[in-house]
Amino acid sequence: MKEITLSHRKIGMPVLLGEIALYLLLAAGLVISIIRDGDSDFPVSVIACILLIAIAWIPLMGLHVLKPQEALVLTLFGKYKGTLKDAGFYWVNPFCTSINPAGKTRLSQSGDVRSAKFSIGHGEASEKLESKEDKKISLKIMTLNNSRQKINDCLGNPVEIGIAVTWRVTDTAKAVFNVDNYKEFLSLQCDSALRNIVRLYPYDVAPNVDTTGDGVADEGSLRGSSEIVAERIRDEIQNRVEEAGIEVVEARITYLAYAPEIAAAMLQRQQATALVDARKTIVDGAVGMVEMALEQLNEHDIVTLDEERKAAMVSNLLVVLCGNHDAQPVVNSGSLY
């Protein structure tokens, strides 16, 4: 289905003025006919004016007003006739009907959140206004905030992740006729694409994991490579919604965490890893300091230590440097040995 833009139909104002003038003429003609043929048994002119007044409103049904970034898809007796896209006052065939299968679909996204201040009442007027607005397709950039999903990463760990997808309709004909409901279609494809991409990555960097598909292990992860993951999710969604006339502008990860059932265990694991790394750094530094101390003692010939005394000194220095608490010095006032 190829979109047809009706740009030559901006004649709403002349048609409206013509209808007003026609009604004025018919009203004047009706008055003149009543004065002239009022006493006749069959006043043809009066009946004709009344009939014309009764049907003259039909062309008014073809008047449509579009604001910027709005579109109206029109069909005539089931056949697609075209789309009104530019802002303006249009007139089309009054028997054309506008179609928007997703008009009443409300998702967690911008453009679907309706404030109470836009409601004019709880009666028929409010229902008619909402029904008329639902027929228009928004061409604005909107943000779909999909609900959080629980997905297993490549290591089998359940993680909770949520994304925000920025999108817009670029082809109204495809959006209306190629899919049943383009908003629900987009939401479902976002969920599916998110699952396909997340299962390729570990939550955090893990050894021997290939996230790019080139057969070489890399350091990709959901936590550390969020920009790359978001770009792959966007491309995946775009490939899926191309036939629906939708352009995915951007996809961003808005929430990422381990599932509650394993969050505590994973937190302990991260703390243990951090503690081991910190201890390793402390020990490496302490060994270097002990080595430097022994070298300087020998270099300046301050004291000569045998192997046993060196071992005792090394032990004491490592205890002092690697301990969690401040050392309590003991002063030896006796002999060296």
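Predicted model: local features only at pLDDT ≥ 70, side-chain atom pairs only at ≥ 80, totals over all residues.

Biologist: Is serine 221 buried or exposed?

Modeller: The cut-off for buried is under 20% relative accessible area. Serine 221 has a relative accessible area of 1%, so serine 221 is buried.

Biologist: Which residue has its backbone nitrogen 2.9 Å from a polar atom of the side chain of serine 221?

Modeller: Polar contacts are pairs of N or O atoms within 3.5 Å. The serine 221 side chain has a polar atom 2.9 Å from a backbone nitrogen, and that nitrogen belongs to glycine 224.

Biologist: And which residues does serine 221 touch, not counting residues up to four places away in sequence?

Modeller: Leaving out those sequence neighbours, the contacts of serine 221 include Ser226 and Val229.

Biologist: Now the charges. How many salt bridges does the structure hold?

Modeller: Side chains of opposite charge can pair when their charged atoms come close. The cut-off here is 4 Å from a side-chain nitrogen of Lys or Arg to a carboxyl oxygen of Asp or Glu. The number of salt bridges in the structure is eleven.

Biologist: How many residues apart in sequence are the parts tied together by glutamate 70 and lysine 136?

Modeller: These two form a salt bridge, with their closest N and O atoms 3.7 Å apart. Glutamate 70 lies in strand β2 (residues 70–76) and lysine 136 in the loop between α3 (124–134) and β6 (137–138), so the separation in sequence is 66 residues.

Biologist: Are glutamate 70 and lysine 136 buried or exposed?

Modeller: Both residues belong to a network of salt bridges that also includes Lys67. As for their accessibility, glutamate 70 and lysine 136 are both buried.

Biologist: Which strands does the salt bridge between arginine 168 and glutamate 247 tie together?

Modeller: The closest N and O atoms of this pair are 2.9 Å apart. Arginine 168 and glutamate 247 sit in parts 79 residues apart in sequence, so the bridge ties together strands β9 (residues 158–169) and β10 (residues 246–258).

Methods:
Residues numbered from 1 in each chain as written. Heavy atoms only, no water. Helix = DSSP H or I, 4+ residues; strand = E, 2+ residues; numbered from the N terminus. Buried < 20%, exposed > 50% of the residue type's maximum accessible area, 1.4 Å probe, protein only. Polar contact = N/O pair within 3.5 Å; in protein donor to acceptor, adjacent residues only side chain to side chain. Contact = heavy atoms within 4.5 Å.
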